[in-house]
Every structure is written in C-alpha cells, then in structure tokens.
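Hi everyone, thanks for coming. Let's look at a structure together and take it one piece at a time.

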Amino acid sequence: MQRYSLPAIVLHWLIALLIIGTFTLGLVMTDIPGLTPTKLRYFSWHKWAGVTVLALATCRLLWRLRSTPPAYPGTMPAWQSRAAHALHGLLYLLMFAVPLSGYFYSLAAGVPVVYFGLFPLPTLIDADPALKPILGALHYWLNMGLAALVALHVLAAFKHLLIDRDGIMHRMLPFSTK
Amino acid sequence: MKPLRALALASLFASAFATPFAGAAALKTDPAKSSVAAVFKQMNVPVEAKFKSFTAAIDYDAAHPEAAKASVDIQTASMDLGDPEYNREVSKKEWFNTAQFPKASFVSTSIKPAGAGKLNVAGKLTIKGKTADVTFPLTVKAEAGKQVFEGQLPIKRLAFNIGEGEWKDTSMVADEVVIKFRVTAGTN
C-alpha cells in the first residue's frame, strides 16, 4: 500500500509528540499551587512548545494542500472513510485552535509570549481581565476536545492494525514494514 | 560664580522654608488619573503590575518648581498581577511581606528644575524596610487645569530583598524593575 510522503510522516509524528508533551505539561503546571520558579518555567516552556506546534501545523497544512494523501483501500466502507475525513479535519482545526486560544489567553492575562525567551511575538490584544477567564475556559475545553479526538484517532488506527489488518496504519508509521 | 551661588543658596532657603503659602502649593491628587506600576521581566517576558492603592502628596507651584515637595505612599498589598492567587503569593514574606511592611514610600529631598517641563528629583525610597537614595527625571505638564507628573524610576529589586530564597535567581525574575508612575494633581 502507498505510504504517506516523508514530510507528512515526519510532521505527523513531530506534532504528535509535541502535542502530548505540551498537553501533559499544561496539566502539570496548572496543578502546581501558588507561585514557584518551576511553575513559571513550565508556563514559558508550555507556551514555546505551543507556538512550535502552531508553526509546524502551518507547515503541515501547506504540505497537505499540495500533496494528496494516499487513497483509502476499496475494502473500507464509505461511512468509515467519511468519518476518517471528518476526524482528520477536526484534528487539523484543533491543531490551530488550541495553540491560538492559549496564545490569546496569555495576551489577555497581560503576559506576552517571548519565544524561547528571545523573540517577542506580536501583542495582538491588550490585557483584558474580562476576556481572560473566557479564553482560559476556551483553551481548556478545546484541549479536552483535542484529547478526546486524539483518543478516537489512536483507537481507529489500532482497529485498522489489529482488527481490519488493512495496512492503513502502516502508511503513517515512521518506518516501512515491508 | 558669586551670583550663581547666591541664587543656589536662595533656592535652598526657599525649599527649606517652603510652606503651602510661600513658594509651593499643596495639590490634590486625582486618583482616577494617577497610576503607579512596576514593570519587570520574567524569563525575558515584560510584565506590568499595578499598585491599586497609593496616596501622593505634592506641593508644586510652576512659578517656584525648586520649592516643590513630593511624597508617595504605596500599599504593597494592592499590587495586582492580574491573578488573585499570584497577588496573594507576592504579599508573602519572600516578596513584599505586606504584613510587616504594608507600605512602600518615597519622600523627596530635592527637586530641581531641569529645563522646560522637566525636573530632577532626588529622594528616599523605602521598600520592605530598606531605604535607598534615588534620583530620577520627572516631566510635568499642564492638562485640563491640572498638573500631570510622569516618570520612571529603575530600581534593583534585590537591593530591597524583593524575592528572597529561590526567587533571588535573576534568570527567572530580572533584578531590574522599573517603577512607572503618573500622578495627576491640581489645586481644585
């Protein structure tokens, strides 16, 4: 079966690892009570990682627009391929919506993002105490939505690997199995 | 040389004996148009925290700027970082220790005119029980019948023990903090 192109595979796994790491760090850092240097360090790292996801997602979307992924096998029911397309579309949407909501949440809190502590990123909105909790909740729930969709995505991939055995998961694995 | 010295002496006397009735005038501050904030860098990210509660007493007469006097009292517990949890944290012992040092204050010792709309201010700044001599430029302009005093005073937070223990790490929170203020005051 035809595999995804190399840039698509590299971007998929890079973004997957970063999303898992950034998501976990987000849960850990918001669980630290009070104010500690570790907490502030984690917040900065979380933001840098989120901005990296946003940049890589942009590359990935551009690549996806110019390189058509391999078609699904004819054995796959139509509803499944529709569901897969819908899920992938939502994952793309959240790859942008999650980091952007976090970025604006930080700006609304009056804390601009300085990428790697070196490059100040644009302050697109002023500090806004009224908007801050709204963006905070939005960032949280978009993340929970992303977590649920990623879980579904992983379950579907393993269903194809272990139950259907149709080679669909192999198309995205970092190494060729044949 | 001599006339200059005489002038300097005269202004010294003027400031020493200045009262609201001679030379300077006590102004009433307008809290709605006044602000004091601390700007610092946290992992290179500029963050501004306002002090929501402070009082400023300014004696100033544009005709006799050298007779001016200023003092500012800031309620350290009123620092607002935009998050109630963080506000509670910075009132603790390692930061402002607001229980023991509820006020930070500035009292001018000399105010000298330095060109149109500019003054050089020297005075004593006390934060967390530590007093330091500071000097900073101040601009003054008339706005809607009132005087607006604006300035920035860079300080080193560690000189005042702001951020003790693990917070002494200046790679986390920079030592330099700029106190930015704008005080609007008028005779009415």
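In which sense do strand E1 and strand E4 of chain B pair, and over how many bridges? Before I answer, please keep in mind that this is a predicted model. Now, find residues 26-29 of chain B, which form E1(B), and then residues 54-59, which form E4(B). The two strands pair in the antiparallel sense, over 2 bridges. If you want one spot to look at, Ala26(B) stands opposite Asp59(B) in E4(B).

E1(B) has another partner, too. Strand E11, residues 173-186 of chain B, runs antiparallel to E1(B), and 2 bridges join them. Here you can look at Lys28(B), whose bridge partner in E11(B) is Gly186(B).

Let's stay with E1(B) for a moment and ask about its faces. Which residues of E1(B) are on the covered face, and which are on the uncovered one? Leu27(B) and Thr29(B) make up the covered face, while Ala26(B) and Lys28(B) make up the uncovered one. Why the every-other-residue pattern? In a regular strand, side chains alternate between the two faces of the sheet.

Now over to chain A. Its secondary structure comes to 4 helices and 2 strands. The C-alpha trace of chain A spans about 55 × 25 × 25 Å along its principal axes. Chain A has 178 residues, and 17% of them are buried.

Take helix H1, residues 6-31, and helix H2, residues 37-66, both in chain A. How do they lie relative to each other? Their axes come within 9 Å and cross at roughly 155 degrees. An angle over 145 degrees counts as roughly antiparallel, so that is what H1(A) and H2(A) are. The crossing of H1(A) past H2(A) is left-handed. As for the residues in this contact, there are 19 nonpolar, 6 polar and 2 charged.

Last stop: the place where the chains meet. On the chain B side, 15 residues are in contact with 13 residues of chain A. Strand E3(B), residues 45-51, and helix H2(B), residues 84-90, each supply at least two residues to that side of chain B. E3(B) gives the most, with 4 residues. By class, the side of chain B that touches chain A divides into 7 nonpolar, 3 polar and 5 charged residues.

Notes:
Residues numbered from 1 in each chain as written. Chains lettered and ligands numbered in written order. Predicted model: local features only at pLDDT ≥ 70, side-chain atom pairs only at ≥ 80, totals over all residues. Contact = placed C-beta atoms within 7 Å. Nonpolar A, V, L, I, M, F, W, Y, C, P; charged D, E, K, R; others polar. Buried ≥ 20, exposed ≤ 12 C-beta atoms within 10 Å, placed from the backbone. Pairing = 2+ DSSP bridges. Axes fitted to C-alpha atoms, helices over the stretch in contact; angles between N-to-C directions. Parallel < 35°, antiparallel > 145°, perpendicular 65-115°, else oblique. Left-handed = near helix turned anticlockwise from the far one by under 90°.
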